[in-house]
Amino acid sequence: MNHKGIEGKVLLASPRGFCAGVVRAIDTVNLALEQLGPPLYVRREIVHNRYVVEGLRKKGVVFIQELGEVPQDGVVIFSAHGVAPEVRAAARARRLRVIDATCPLVTKVHIEALKYARAGFTIILVGHENHEEVVGTRGEAPESIRVLSTVQEVEDLEVPDPDRVAYLTQTTLSFLDARQIIEALRCKFPNIRGPASHDICYATQNRQNAILELARQTDVILVVGSPNSSNSRRLVEVAAQAGVPAHLIDDTGDIRQSWLQGADTIGLTAGASAPEELVGSVLDYLRGLGYADVETLGGVREDVHFALPSELTAAPARGRTSGD
């Protein structure tokens, strides 16, 4: 029984959890372990999820902050969030073997930044200043890029040529917030250029749409994801903006039963870097409280797949020859 002494329901968002970029990044590390063996070094977290990182660490992956921690001629994997050109240059200078797990949708934003910078545009990057993805994108053209995260910053913005302005966005933003900022930019700079389609990735938009649907039918929402996951935090914000309390949890240990007091229907979803087994453990926990009825809501089909990095497609095993 739930806290009201009646049978409760869980509405499970679909789609949820891993996106194609996260699947690619995790598969990249696992395949590199298989082909090359440990130790492998990953700059920062491969994806922003504690459970995923700890699982890979147990397999022999060493997570580092900077390249100076990698032994000379070692193997380093760049995370799904991408890196600035100066990081790539530092890897070459130290003769490190690089395997690039940057999400292709992030790479697309880097390419657009270079295109606009070379054409002499001021680039407005809508995103969070210290997020790794934004740091990497900004590094492509630091003199040309301004990072903004609020409408107020748009109002205060001054640029050298208002007719040569372009905007890009961090892929994991709330599309509701990003839309307001982009509308403000278009109002202030009528000739502003932008990507052919929104840079917020398909998975981020789908998960935010799904949580809006949850918010229409639930009393409280649990979002499985780590605190440093931007897309997971945005899901909490989107739910809150829709008027439903939402809580970010790494696992069942973070759940406070007071959150569920009086809730007949609980919504459950997961950020794009959270594995499905964590969702399953939360469902088991909720069943134990009396929320035995589980229904999946939504159902947008995601069939996006990204090829693994070329560095791994024909990589010989480390320390072996073709005759072994």
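This is a short tour of the structure above, stop by stop.

**Before you start**

This is a predicted model; local features need pLDDT of at least 70, side-chain atom pairs count only at pLDDT 80 or more, and totals for chains, interfaces and linings use all residues. Residues are numbered from 1 along each chain as its sequence is written, and side-chain values use heavy atoms, with hydrogens and water left out.

**Stop 1: the whole protein**

Show the cartoon. The protein has 11 helices and 12 strands. Helices (H or I, at least four residues) and strands (E, at least two) are DSSP runs, numbered from the N terminus. The radius of gyration is 22 Å, close to the 20 Å of the globule rule for 324 residues, so the protein is as compact as a globular protein of that length. That radius is taken over C-alpha atoms, and the rule is 2.2 Å times the number of residues to the power 0.38. Turn the model: the C-alpha trace spans about 65 × 65 × 30 Å along its principal axes.

Of the 324 residues, 52% are buried. Buried means under 20% relative accessible area, exposed over 50%, and partly exposed in between (1.4 Å probe, protein chains only).

**Stop 2: Val-47**

Select Val-47. Its place is in the loop between strand E2 (40-43) and helix H2 (50-58). Is Val-47 buried or exposed? Val-47 is buried, with a relative accessible area of 2%. Next, select Gly-37, 10 residues from Val-47 along the chain; their C-alpha atoms are separated by 20 Å. Then show what Val-47 touches. Leaving out residues up to four places away in sequence, its contacts include Val-22, Ala-80, His-81 and Ser-273. Contact means heavy atoms within 4.5 Å.

**Stop 3: Ser-230**

Go to Ser-230, in helix H9 (residues 230-241). Ser-230 counts as buried, at 3% relative accessibility. Which residues does Ser-230 touch, not counting those up to four places away in sequence? They are His-128, His-131, Gln-170 and Thr-172.

**Stop 4: Thr-265**

Finish at Thr-265, in strand E11 (residues 265-270). Thr-265 has 15% relative accessibility, so it counts as buried. Not counting residues up to four places away in sequence, Thr-265 touches Lys-9, Leu-11, Gln-217, Thr-218, Asp-219 and Val-220.
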